[in-house]
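Please look over the sequence and the 3D structure shown here. The briefing below goes through the structure by topic.

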Amino acid sequence: MENENKNQLQIELKEEVAQGTYANLAIITHSSSEFIIDFVRVMPGLPKAGVQSRIVMTPEHAKRLMFALQDNVAKYEQNFGQIRMPEQQAQGGKTFVPPLSDFKGEA
């Protein structure tokens, strides 16, 4: 039992982080060595949107995140039903989220 406790990772969640940050857009870029995910809050009627948080990770961690999200979305849909995407109606049931073609931003 003592050996199990040595290998456990204790994760601290600070109060100011625990409240979370709302974002309704993620912009993902990558190089050969890292993935960068910018979480953005787009507000209706405003021409500018601010990056709320930027996460930088290795390609291996990006793939782990992808699998974890797939697993959690599947579990969510088992419990609460299918998540309907607005794009599904336009594409005859297929989900397609087009890239932002006229996106202009700065890093």
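Predicted model: local features only at pLDDT ≥ 70, side-chain atom pairs only at ≥ 80, totals over all residues.

Residues are numbered from 1 along each chain as its sequence is written, and side-chain values use heavy atoms, with hydrogens and water left out. The protein has four helices and three strands, and from the N terminus on its elements run α-α-β-β-β-α-α.

**Overall layout**

- Helices (H or I, at least four residues) and strands (E, at least two) are DSSP runs, numbered from the N terminus.
- Of the 107 residues in the protein, 7% are buried; buried means under 20% relative accessible area, exposed means over 50%, and partly exposed is in between (1.4 Å probe, protein chains only).
- The accessible surface of the protein is about 9900 Å², and carbon and sulfur atoms account for 55% of that area. Accessible areas come from the Shrake-Rupley method with a 1.4 Å probe, and for residues only the protein chains shown count as cover.
- Among the contacts in the protein with a separation of 6 or more, 17% are between residues 24 or more positions apart; a contact means heavy atoms within 4.5 Å.

**Salt bridges**

- The structure holds two salt bridges, each defined as a side-chain nitrogen of Lys or Arg within 4 Å of a carboxyl oxygen of Asp or Glu.
- Side chains of opposite charge can pair when their charged atoms come close.
- Arginine 54 is partly exposed, with a relative accessible area of 41%, whereas aspartate 38 is buried, at 10%.
- Lysine 75 forms a salt bridge with aspartate 71, and the closest N and O atoms are 3.0 Å apart. Lysine 75 and aspartate 71 are four residues apart in helix α3, so about one helical turn separates them.
- Lysine 75 is partly exposed, with a relative accessible area of 43%, and aspartate 71 also counts as partly exposed, at 38%.

- Aspartate 38 sits in strand β2 (residues 35-41). Not counting residues up to four places away in sequence, aspartate 38 touches Leu25, Ala26, Ile27, Val51, Ser53 and Arg54.
- Threonine 29 belongs to strand β1 (residues 25-30) and is partly exposed, with a relative accessible area of 40%.
- Leaving out residues up to four places away in sequence, threonine 29 touches Glu34, Phe35 and Ile36. Threonine 29 and valine 56 are 27 residues apart in sequence, and their C-alpha atoms are 9.7 Å apart in space.
- Serine 32 is in the loop between β1 and β2 and counts as exposed, at 77% relative accessibility. The C-alpha atoms of serine 32 and proline 59 are separated by 8.0 Å, although these residues are 27 apart along the chain.

**Helix α3**

- Helix α3 has 22 residues and reaches 31 Å from its first C-alpha to its last, close to the 32 Å expected at 1.5 Å a residue. The expected span of a helix is 1.5 Å times one less than its number of residues.
- Histidine 61 lies in helix α3 and is partly exposed, with a relative accessible area of 45%.
- The side chain of histidine 61 makes a polar contact with the side chain of threonine 58, at 2.7 Å. A polar contact is a pair of N or O atoms within 3.5 Å; within protein, one must be able to donate a hydrogen and the other to accept it, and residues adjacent in sequence count only if both atoms are side-chain atoms.
- The C-alpha atoms of histidine 61 and phenylalanine 35 are 8.8 Å apart, with 26 residues of separation along the chain.
- Glycine 81 follows α3 and has a positive phi, near 100°.

**Surface patch**

- Val73, Tyr76, Phe80 and Ile83 form a nonpolar patch on the surface, and together they have about 390 Å² of accessible area.
- Patches are made of residues with over 30% relative accessible area and no salt bridge; like charges are joined within 9 Å, and nonpolar side chains (Val, Leu, Ile, Met, Phe, Trp, Tyr) within 5 Å.
- Phenylalanine 80 is in helix α3 (residues 59-80) and counts as exposed, at 62% relative accessibility.
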